[in-house]
Amino acid sequence: MLATFLDTSDSWITERTGIKQRQIMSEGESLEALAVEAAKSAIENAGVTANEINYIICSNTAKEMLAPTLSSIIVGGIGTQCPCMDVNAACAGFIFALDLADSLLSSGKAENILIVCAEEPTRMVDWNDRSTCVLFGDGAGAVVVSKGGEECTIKTNTVSKPEVLYYRGALQPTPFQGEEECTALRMNGQEVFKYAVSSSLHDIQSLLRSRNIDKENVKYYLLHQANVRIIDAIHHYMKVDECKFPRNIAKYGNTSSASIPILLDELNRAGGLESGDWLVMSAFGAGFTSGALLIKWDK
Ligand code: ACO
């Protein structure tokens with residue numbers, strides 16, 4: 001389908017990215033509805049009620065409606081009232097949201113936190129730019145996190161390189177400033193590729209060292225699904241079996257911060273996770289932001 005309007009081919013996309021399909025929202029569908037659906041599904045699966053959620057964090061990079069927040073729409077969509085906020089750490093947003101949730105749980109300000117990552121990157125790209133538009137898909141993933149033991153360590157970081165990957169939305173003109181043009185997503189793919197591999201490796205290795213956990217004792221490494229070659233490079237350098245790196249990028253493309261919660265949900269619903277399993281999650285995004293989490297699964 002893409003090759004009918006772009007100078008591209010299925011074989012190029014498959015070989016260079018590992019992506020075979022992506023889901024793109026159409027007329028009549030909305031990011032808000034997708035986010036609420038993911039939220040409801042996570043609440044049901046967690047076995048809590050909407051009224052037991054004391055905080056909602058929504059990770060989102062770009063959307064049509066900037067105010068109110070997407071999280072405030074989700075509060076109404078699941079039929080409750082609670083504090084909420086949006087975070088934007090680009091594709092690393094899920095890890096940054098988990099870091100905030102960890103602080104809220106540790107301080108006793110909340111007991112059950114709903115994190116929803118909802119992204120529509122297909123509205124950020126220029127559909128004439130074959131080097132970016134083929135990479136992305138829309139999606140939402142959600143989790144409910146509750147206070148457990150001490151078996152969770154999170155590391156986040158930002159190296160400021162805004163020029164390498166950015167999207168610029170348009171603001172209203174004022175009597176003092178003219179109208180600005182929106183700039184579709186611009187990306188230096190090779191720079192992103194190098195940063196993705198080096199930051200993920202660094203984050204994962206330092207987490208494992210900090211908890212003195214052997215890399216072989218981690219059941220799964222859930223990596224941001226941006227390019228299958230990035231995932232391959234990370235498992236190659238780590239010298240860990242490929243089966244510890246589950247992937248679903250072929251089905252969804254890069255869904256930005258939603259990619260890890262979607263992957264986690266698929267693994268969980270397929271019965272792939274057991275209480276006591278060590279999991280690592282690692283993501284990188286525009287900024288550059290990066291973050292990783294080491295957690296003992298307990299459900
Ligand atoms: N179809 C056919 N040819 C293409 C396409 C396409 N869709 N896109 C680019 N090309 C061409 C280029 O124009 C170039 O042609 P040229 O040699 O005539 O100039 C050639 O393919 C090679 O281009 P490269 O950019 O060198 O290709 P590369 O192997 O680096 O792959 C890619 C490009 C897939 C973007 C890769 O660099 C990558 O995945 N980088 C990481 C990007 C990423 O993760 N982005 C996510 C951003 S958001 C986030 O998750 C942080």
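## Ground rules

Because the model is predicted, local features need pLDDT of at least 70 and side-chain atom pairs count only at pLDDT 80 or more, while totals for chains, interfaces and linings use all residues. Residues are numbered from 1 along each chain as its sequence is written, and side-chain values use heavy atoms, with hydrogens and water left out.

## Around the ligand

Let's begin with the ligand. It has 24 residues around it, and Thr8, Arg16, Gln190, His224 and Asn227 come nearest; a residue belongs here if one of its heavy atoms lies within 4 Å of the ligand. Sorted by class, this shell has 11 nonpolar, nine polar and four charged residues. For that sorting, Ala, Val, Leu, Ile, Met, Phe, Trp, Tyr, Cys and Pro are nonpolar, Asp, Glu, Lys and Arg are charged, and the others, Gly among them, are polar. Helix H6 (189-211) is among the elements that supply at least two shell residues, and the largest share, four residues, comes from H6. Helices here are DSSP runs (H or I, at least four residues), as are strands (E, at least two), numbered from the N terminus.

Now for some polar contacts, meaning pairs of N or O atoms within 3.5 Å; within protein, one must be able to donate a hydrogen and the other to accept it, and residues adjacent in sequence count only if both atoms are side-chain atoms. The side chain of threonine 8 has an N or O atom 2.6 Å from a nitrogen atom of the ligand. Arginine 16 puts a polar side-chain atom 2.7 Å from a ligand oxygen atom. On its own the ligand exposes 1,000 Å², and the protein buries 74% of that (areas come from the Shrake-Rupley method with a 1.4 Å probe; for residues, only the protein chains shown count as cover).

## Tucked-away residues

Threonine 132 sits in helix H5. It counts as buried because its relative accessibility is 1%; buried means under 20% relative accessible area, exposed over 50%, and partly exposed in between (1.4 Å probe, protein chains only). Its side chain makes a 3.1 Å polar contact with the side chain of aspartate 129.

Isoleucine 115 belongs to strand S3 (residues 112-119), and its relative accessible area is 0%, so it is buried too. Leaving out residues up to four places away in sequence, isoleucine 115 touches several others, including Phe94, Ala97, Leu98 and Ala101 (contact means heavy atoms within 4.5 Å). Isoleucine 115 and alanine 101 are 14 residues apart in sequence, with C-alpha atoms 8.2 Å apart in space.

Most residues other than glycine have a negative phi, and most peptide bonds are trans. What kind of peptide bond runs from alanine 67 to proline 68? This one is cis, with omega near 0°, and proline 68 is in the loop between S1 and helix H3 (70-77). Glycine 287 and phenylalanine 288 are also joined by a cis peptide bond.

Two residues other than glycine have a positive phi. Alanine 90 has phi near 50° and lies in the loop between strand S2 (84-87) and H4. Serine 256 has phi near 55°, in the loop between helix H8 (249-252) and helix H9 (259-269).
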